[in-house]
Amino acid sequence: MTTFLRSSDAFIWSIGADPRMRSTIVSLLLLDRSPDFATVVGRFRGLSHHVPMFRARVVPSRWPLPPRWQPDPEFDLAFHVRRVGAPGAGDLAAVLELARVAAMADFDPARPLWEATLIEEMAGGGAALLCRMNHALTDGVGAVEISRYLFDDPRQIGCRGRSVVTAPAEAASPQVRSQLGEVVSASVGAAMRALHGSVRTMPGLLLHATRHPAGSVRSAGATATSLWRAAGPHRRGSPSMFARSSLRAVFVHEVPTQALHRAAAVAGGSLNDAFLAAVTAGLRGYHADRGMVAEFTVTMPINLRNATDQPGGNRTTLMRFRIPAGPAGPEVRMRNIHRLAGAQRAEKSLAYTSVLAGAVSLAPRCYIRSQFENVDFIASNVPGPTAPVNLGGAAVQRQYAFSPTLGSAFNVTLLSYDQVCGIGFNVDTAAIPDVEPFRGHLIAGFDEVVAPFR
């Protein structure tokens with residue numbers, strides 16, 4: 001059975017060869033007690049059957065085909081699901097140290113790209129489940145869908161239990177043929193793909209152009225400009241967060257979900273606007289301490305997943321834009337962010353996400369690295385379960401995610417759970433060596449936005 005990585009998954013997999021751009025997603029579930037380990041193992045066994053990529057490894061293909069998923073003939077669930085006693089004082093700080101190491105570690109390419117570790121005997125009788133997976137397996141929203149297979153309450157298992165697209169090599173399905181077409185087209189350049197699309201749609205385009213010549217020219221120009229904004233060169237905004245390394249620090253924060261919603265409502269925006277405004281406020285304070293005022297270049301994943309998509313694989317696109325860090329109050333900042341983020345969601349380049357991923361993956365590594373390293377931070381907002389859930393008889397108290405920096409100075413991921421937004425920070429310590437002051441400013445930024453609404 002042959003299942004090729006989609007363009008975006010193959011791109012994520014390829015850039016991970018650089019340790020500074022390692023694409024590991026780490027998630028942390030804090031539990032009120034140790035769950036039944038046999039149940040946990042059984043849930044992961046079921047998950048690996050529902051999402052076959054969890055039993056597969058990535059192997060190279062002959063050029064110009066992308067890498068492919070190949071079932072691991074030596075798949076050993078005990079290698080992927082483990083249990084350990086809590087280290088050190090057994091507190092959250094000790095568990096976060098394990099998360100930090102997990103974020104920096106690479107995967108064995110001879111095995112499936114995920115691991116789960118149950119951490120028992122924490123202070124106060126609690127436990128934690130620390131999971132890590134390569135971003136090529138799925139995106140943040142897909143990871144939440146996948147995680148629902150683990151929970152006790154069947155009503156929480158909202159995942160769609162479909163396998164990844166597979167087909168015999170000698171009779172590839174239409175979906176696989178489509179994937180191959182994507183890759184081949186990208187390999188010979190976006191122009192060939194555009195020509196292929198033009199041939200199919202030429203009659204309609206000619207008719208439209210004949211009736212609306214000026215509008216057709218404007219539309220083509222707008223699309224080209226949008227593609228340039230998505231893939232063209234750009235510069236970072238911060239004058240200080242420029243160094244990059246493979247070293248990481250992680251920390252967490254939490255805010256009431258309703259407080260962020262109420263803050264955003266004042267500015268006529270969304271929770272995501274309040275989230276980005278808080279991060280920007282913290283960054284402004286951090287830079288002001290150093291006598292700097294900057295605007296910041298942010299990359300924001302935009303979810304493209306729909307009801308028919310499988311939980312595995314990436315269904316997001318990365319859009320970048322600049323956020324001013326002037327002395328505006330929270331309300332003005334949220335309004336500005338709402339306008340800027342809204343413009344990103346309306347970009348014409350969103351329709352060409354897969355083509356861009358395939359084309360950019362063929363660019364020189366130095367260009368790809370410079371593109372990502374000129375981003376100040378990545379901000380992700382991932383909706384999690386809206387009601388409490390259990391795992392193996394233990395109540396999940398908090399959830400945090402630490403998404404990869406992908407060459408930026410830091411990644412901040414908001415993962416909502418029940419009535420709380422758990423916020424995980426993954427920081428490149430070469431870009432931000434003074435992590436504690438940085439942490440203090442970020443927390444102050446959230447306080448500035450939500451304090452009146454707690």
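Modeller: Start with pairing: two strands pair if DSSP finds at least two bridges between them. Strands themselves are DSSP runs of E with at least two residues, and helices are runs of H or I with at least four residues, both numbered from the N terminus. In strand 15, V427 is the bridge partner of F410. This is a predicted model, in which local features need pLDDT of at least 70, side-chain atom pairs count only at pLDDT 80 or more, and totals for chains, interfaces and linings use all residues. Residues are numbered from 1 along each chain as its sequence is written, and side-chain values use heavy atoms, with hydrogens and water left out.

Biologist: In what sense do strand 14 and strand 15 pair, and over how many bridges?

Modeller: Strands of a sheet pair through backbone hydrogen bonds, either parallel or antiparallel. Strand 14 and strand 15 are antiparallel, with eight bridges. Their hairpin has two residues between the strands, and D418 there takes a positive phi near 55°.

Biologist: What about strand 11 and strand 14?

Modeller: Strand 11 (residues 377–382) pairs with strand 14 (residues 410–417) in the parallel sense over six bridges. I378 stands opposite N411, and V382 has L415 as its bridge partner.

Biologist: What is the strand order of the sheet?

Modeller: The order is 8-15-14-11-9-10, an open sheet of six strands with mixed pairing. Strand 8 (248–256) and strand 10 (316–323) are the edges, each pairing on one side only. Neighbouring strands are turned by 20° against each other on average, direction ignored. Axes here are lines fitted to C-alpha atoms, for helices over the stretch in contact, and angles run from 0 to 180 degrees between N-to-C directions.

Biologist: Which strands does helix 14 lie across?

Modeller: Contact means heavy atoms within 4.5 Å. Helix 14 (residues 435–450) lies across strand 8, strand 14 and strand 15 (420–428), running at about 20° to strand 8.

Biologist: Are the residues of strand 14 buried or exposed?

Modeller: Buried means under 20% relative accessible area, exposed over 50%, and partly exposed in between, with a 1.4 Å probe and protein chains only. F410, V412, L414 and S416 point one way from strand 14, N411, T413, L415 and Y417 the other way, and all are buried.

Biologist: How many residues of strand 7 are buried?

Modeller: In strand 7 (residues 127–134), eight of its eight residues are buried. A127, L129, C131 and M133 lie on one side, with A128, L130, R132 and N134 on the other. Strand 7 pairs in the antiparallel sense with strand 2 (residues 24–31) over eight bridges, where T24 has N134 as its bridge partner. Strand 6 (residues 114–120) and strand 7 are also antiparallel, over six bridges, and E115 is the bridge partner of R132.

Biologist: Which residues line the largest cavity?

Modeller: On a 1 Å grid over the protein atoms alone, a cavity is a set of points where a 1.4 Å probe fits but cannot get out, and lining residues have an atom within 4 Å of a point. P19, R22, T24, A103, M104, S246, R248, P404, T405 and N426 line the largest cavity.

Key
On a 1 Å grid over the protein atoms alone, a cavity is a set of points where a 1.4 Å probe fits but cannot get out, and a pocket is an open set with protein on both sides within 12 Å along at least five of seven lines; lining residues have an atom within 4 Å of a point.
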